[in-house]
Amino acid sequence: MKSHNLDKDTRAELFDVLLENSFIGITITDEKGEIVVVNEAQSRITNIPIVESIGANMESYVESNYISQSASMQVIQDKKRVVINQKLSAGKSHVVEGIPVMDDADHIKYTVNFLLDESELEEAKQEIETVSSDKEKLFNKYQELLEILNEQEDIIYQSKVMRDIVYLASRVADRDVAVLITGPSGSGKELIANLLHEKSRRKTRPFVKINCSAIPEQLLESELFGYEPGAFTGGAPKGKAGLLEYADGGSILLDEIGEMPMQLQAKLLRVLQDQQVRRIGSTKDIKVDVRIIASTNADLKKLIAEKKFREDLYYRINIVDIKMPGLDKRREDIPLLIAHFEKRFNQKYNFNKKFSIDAINYLMGLDYCGNVRELQNIVERLIVQSSNDVITLEEAFAAMGILTIEEDGEGRRELIKVEEEMSLKKIMEQYERKILLHYKKVYGKGTVMAEKLKTDQATISRKLKKYGL
Ligand SMILES: Nc1ncnc2c1ncn2[C@@H]1O[C@H](COP(=O)(O)OP(=O)(O)OP(=O)(O)O)[C@@H](O)[C@H]1O
Ligand SMILES: [Mg+2]
């Protein structure tokens with residue numbers, strides 16, 4: 001360590017500054033493992049208030065299973081530097097480095113421990129990656145992504161939200177709990193349902209998918225529950241087993257469950273509670289062992305309030321709730337998805353086309369109301385339509401129906417998406433939104449934006465609200 005000839009007080013003051021501003025968690029214990037110093041970062045990462053830590057003993061943390069092992073206790077025992085992987089009871093895990101401070105007689109006086117929160121590091125890393133729009137970096141990143149891609153099979157992602165979702169889904173796949181998958185259209189709900197089935201021991205048994213909104217009520221009932229001979233005119237003479245029976249031992253996906261008629265909801269609730277189905281026109285219950293997965297992009301809570309969905313059923317199907325985020329919540333997945341679809345459609349159409357980095361960069365910035373499905377369509381369209389092996393930015397614009405409005409002196413283009421039959425008002429609104437978004441990014445504050453745009457703050461805030469910015 002190097003320092004000027006600092007007096008004791010200055011050193012003490014600087015020590016405090018170091019301690020309080022470090023993003024690394026720091027704990028100092030005495031020779032018995034009792035905590036004598038702890039900093040903010042440590043308290044934030046471990047969720048233990050500083051006042052509770054001071055005076056606590058590391059050994060007792062281990063004994064009460066609060067932490068899996070203690071770096072200080074190991075330092076005290078081994079009298080040397082250690083690096084351990086520590087798990088907290090809350091589920092997080094950290095790398096902790098412990099260092100001994102010895103006295104002249106070679107006895108431990110203190111242990112100093114540094115704790116690094118891996119998830120914080122990971123988040124910081126992701127943030128940097130997302131924010132960076134530097135082309136070269138993007139290109140390198142893209143190469144890296146292609147490698148990741150080779151390892152992923154069906155569900156393509158890179159974002160932490162998706163990683164957490166896939167992890168959660170894999171963990172619950174083999175438990176027989178009901179799972180509700182919610183999320184906007186095209187976000188991958190069905191893919192998660194597939195994963196739940198594929199990773200369960202039910203995978204050798206049928207996986208039945210039924211879309212509750214696509215089938216008329218009566219038919220839906222007979223499809224799900226089956227019927228006895230003579231239950232309807234025109235029914236099969238021997239009657240028919242329903243899908244719930246057919247799926248015995250397997251799983252069933254009830255897609256758009258929000259659209260299920262109330263009366264069927266009551267019947268379904270029975271299946272969930274008693275694991276039994278009764279065919280239409282029968283008095284006999286049949287035991288079935290089916291894992292129910294429900295999915296919807298509707299707001300079930302709202303449907304409950306409107307008395308269109310049974311609350312008791314909601315709690316039954318919602319033991320585990322998986323919320324799929326829209327693509328706008330995980331933009332970092334976009335390049336990987338593009339690469340994935342590029343590969344898939346090149347294979348399908350026997351092409352060898354590539355997206356230019358500009359085109360990828362541009363596609364990354366778009367809003368996809370149809371989420372992954374929409375992105376997939378765009379990539380397919382571009383692969384099929386482009387006349388070159390490299391898909392250019394211009395082609396990407398064209399695929400999105402974008403007109404090049406005008407160029408400024410430096411060759412920059414102002415872009416707005418113009419759809420057929422759009423009114424001038426709508427086009428102007430889009431333009432206005434773009435301008436406000438740009439100013440907001442550059443200036444941040446409403447007051448400054450108003451000043452720069454030579455208008456008043458009330459107008460700015462009203463417009464920001466209007467465009468949801
Ligand atoms: N993470 C992903 N990786 C690869 N493909 C994806 C991913 N997410 C979605 N897709 C693809 O996008 C399309 C839509 O996905 P899926 O059918 O699972 O969405 P959904 O949420 O069930 O949509 P909807 O609400 O319209 O039923 C599918 O072709 C699917 O293969
Ligand atoms: Mg679906």
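These questions and answers go through a predicted model of one protein chain.

Colleague: How many helices and strands does the protein chain have?
Modeller: The chain runs to 469 residues, and 42% of them count as buried. Its secondary structure comes to 21 helices and 18 strands.

Colleague: Is leucine 6 buried, partly exposed or exposed?
Modeller: Leucine 6 sits in the segment before α1 (8-21). Buried would require under 20% relative accessible area, and exposed over 50%. Leucine 6 has 32% relative accessibility, so this residue counts as partly exposed.

Colleague: Which are the edge strands of the open sheet of five strands?
Modeller: The strand order in this sheet is β7-β10-β13-β6-β14, with parallel pairing. An edge strand pairs on one side only, and that applies to β7 (207-211) and β14 (320-323).

Colleague: In β13, which residue is the bridge partner of threonine 182?
Modeller: Strands β6 (residues 179-182) and β13 (residues 291-296) run parallel and are joined by four bridges. The partner of threonine 182 in β13 is threonine 296.

Colleague: What angle does the direction of helix α9 make with that of β6?
Modeller: Helix α9 (residues 189-198) packs on the sheet and touches β6, β7, β10 (251-255), β13 and β14. The direction of α9 makes an angle with that of β6 of about 155°.

Conventions:
Residues are numbered from 1 along each chain as its sequence is written. Chains are lettered from A and ligands numbered from 1 in the order in which they are written. This is a predicted model: local features need pLDDT of at least 70, side-chain atom pairs count only at pLDDT 80 or more; totals for chains, interfaces and linings use all residues. Side-chain values use heavy atoms; hydrogens and water are left out. Helices (H or I, at least four residues) and strands (E, at least two) are DSSP runs, numbered from the N terminus. Buried means under 20% relative accessible area, exposed over 50%, partly exposed in between (1.4 Å probe, protein chains only). Two strands pair if DSSP finds at least two bridges between them. Contact means heavy atoms within 4.5 Å. Axes are lines fitted to C-alpha atoms, for helices over the stretch in contact, and angles run from 0 to 180 degrees between N-to-C directions.
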